[in-house]
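Subject: A structure for you to look through

Hello,

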Amino acid sequence: MIEIDPERLREAFDRYAAIGATENGGLHRLALSAADGEVRDAFVADLEALGLDVRVDGLGNVFGRREGRDSGADPVLIGSHLDSQPYGGRYDGQLGVLAALETLRALEDASVETDRPIEIVDWTNEEGARFKPALMGSEAYAGLADAEDALAVEDGDGTTVEEALESIGYRGDAPVGPDGDLHAYLELHVEQGPVLENEGVDIGVVEGIKGMSWLSATIRGEADHAGPSPMHTRADALVAAADVVGAVRRLSARLADDAVTTVGELTVEPGSINVIPSAATFTVDLRSYDDAAVARGVERVEAELEAACDREGTTYELSELWRIPHTEFSPRVCDVAAAAAAERGRTVRRLRGGAGHDASSLATLTEAGLVFVPSVGGKTHNEREFTEWTDVVAGVGVFAETVRRLADEASESA
Ligand SMILES: [Zn+2]
């Protein structure tokens with residue numbers, strides 16, 4: 001059984017969390033910002049101190065490779081992301097990268113040579129906060145998105161991904177994508193939901209992740225003076241949008257038991273107290289494990305837009321920004337993680353996740369797995385995001401043991 005060093009893990013966690021730290025104990029480290037550059041430098045220095053072979057690909061994904069007994073064997077890839085949401089938490093992403101780092105350090109401490117090479121990764125722009133969409137680095141790596149397209153994506157100030165990568169020195173020259181088969185991928189992440197905490201369980205073994213659709217809708221009406229314009233003559237874009245927002249909230253119950261629906265962004269034009277709104281633009285986020293339910297949800301949103309615009313005399317445009325099907329993780333990797341948890345005396349619950357992760361991208365390429373540790377109150381994308389340190393230590397211990405087992409698996413079991 002591989003032993004991790006909780007104090008060394010704590011030191012790394014505090015050191016990384018100080019880069020981009022907020023006054024309220026959170027993390028503000030947007031993808032490819034100066035703070036992201038700084039934490040990447042710390043990560044690369046830690047990998048080099050372990051004697052790993054470091055490479056950076058054209059999208060800034062950072063890899064370190066620890067050789068195995070058979071350097072030609074398909075490697076096990078482990079990691080997560082170091083970028084954060086605006087004023088986000090310290091655990092989302094960062095903990096997964098540090099779990100992977102501690103795993104390699106623990107193997108080194110114990111002079112363990114695994115059969116297979118192990119590669120560690122920090123994926124670029126998992127969050128999708130500064131540059132859309134999310135999962136940018138891992139989707140391009142898995143061939144689900146085009147790396148050239150990703151490089152041209154602009155943030156709100158017109159800076160491209162390519163320019164941002166160059167400004168922090170992480171436009172690498174390795175090709176984007178695996179240079180051979182992978183044996184498995186494993187990621188540790190905070191649950192970002194309340195299930196493990198509510199049930200008092202140590203470890204979540206994630207069997208799959210909901211599919212989702214992101215929509216953008218714009219309703220157009222006519223601006224006019226809020227005083228003299230009679231109510232019956234108005235084409236108020238915000239009134240129509242408000243009807244749709246309410247309908248989206250009620251829609252989830254009709255789609256599927258696990259469906260969740262959210263309007264998270266809304267902008268109104270011209271945005272003046274005494275002007276009838278001429279345009280309202282908003283997003284819709286629809287999720288369910290049932291891909292057909294997501295598809296039905298998209299149709300229902302369009303029907304609600306049509307009905308609301310009929311009533312108000314407005315018009316609409318609807319576009320789908322992103323659709324990803326549900327993810328099923330490898331049952332074999334789930335079993336290995338559950339066995340490792342049992343050996344370490346940790347309780348396990350199998351569950352399905354609601355949030356996208358880099359592991360979802362990797363599941364299209366290889367036998368992928370995702371391990372959750374509890375989140376206090378289920379809070380995330382928030383400075384109050386918190387996981388008890390004892391839960392962190394338990395989770396990283398199970399993660400390390402799972403990685404060791406995967407890296408010693410024979411090819412026949414793949
Ligand atoms: Zn994350």
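At 1% relative accessibility Q94 counts as buried; buried means under 20% relative accessible area, exposed means over 50%, and partly exposed is in between, with a 1.4 Å probe and protein chains only. If residues up to four places away in sequence are set aside, Q94 touches F13, Y16, A17, L27, R29, H81 and L82, a contact being heavy atoms within 4.5 Å. With L82, Q94 has a C-alpha to C-alpha separation of 4.9 Å, although the two are twelve residues apart in sequence.

Before going on, please keep in mind that this is a predicted model, in which local features need pLDDT of at least 70 and side-chain atom pairs count only at pLDDT 80 or more, while totals for chains, interfaces and linings use all residues. Residues are numbered from 1 along each chain as its sequence is written, and side-chain values use heavy atoms, with hydrogens and water left out.

Now to the metal site. The zinc ion has as its protein donors H81 (NE2), D92 (OD) and H189 (NE2), which lie 1.9 to 2.2 Å from it; donors are N, O and S atoms within 2.8 Å of the metal (3.2 Å for Na, K and Ca), and because water is not among the atoms, sites may look incomplete. H81 lies in strand β3 (residues 76-81) and D92 in the loop between β3 and α3 (94-109), so this pair ties together parts that are eleven residues apart in sequence. Written as a pattern, the spacing of the donor residues is H-x10-D-x96-H. H81 is buried, with a relative accessible area of 0%, and D92 is buried as well, at 4%.

As for the whole protein chain, there are twelve helices and 14 strands in it. Its radius of gyration is 23 Å, close to the 22 Å that the globule rule gives for 414 residues, so the chain is as compact as a globular protein of that length; the radius is taken over C-alpha atoms, and the rule is 2.2 Å times the number of residues to the power 0.38. The C-alpha atoms fill a box of roughly 80 × 45 × 40 Å, taken along the principal axes. Of the 414 residues, 56% count as buried, and residues 24 or more positions apart account for 79% of the contacts with a separation of 6 or more.

L318 lies in strand β11 (residues 315-324) and is partly exposed, with a relative accessible area of 24%. Not counting residues up to four places away in sequence, L318 touches L215, S216, A217, E302 and L305, while its C-alpha atom is separated by 54 Å from that of E113, 205 residues apart along the chain. S411 lies in the segment after α12 (389-407) and is exposed, with a relative accessible area of 51%; S411 and G88 are 323 residues apart in sequence and 40 Å apart in space, C-alpha to C-alpha.

Finally, there are some backbone details to look at. Most residues other than glycine have a negative phi, and most peptide bonds are trans. A cis peptide bond, however, joins K132 and P133, with omega about 0°, and P133 lies in the loop between β4 (118-123) and α4 (136-141). The peptide bond from E269 to P270 is also cis, with omega near -5°, and P270 has its place in the loop between β9 (266-269) and β10 (279-288).

Methods: Helix = DSSP H or I, 4+ residues; strand = E, 2+ residues; numbered from the N terminus.
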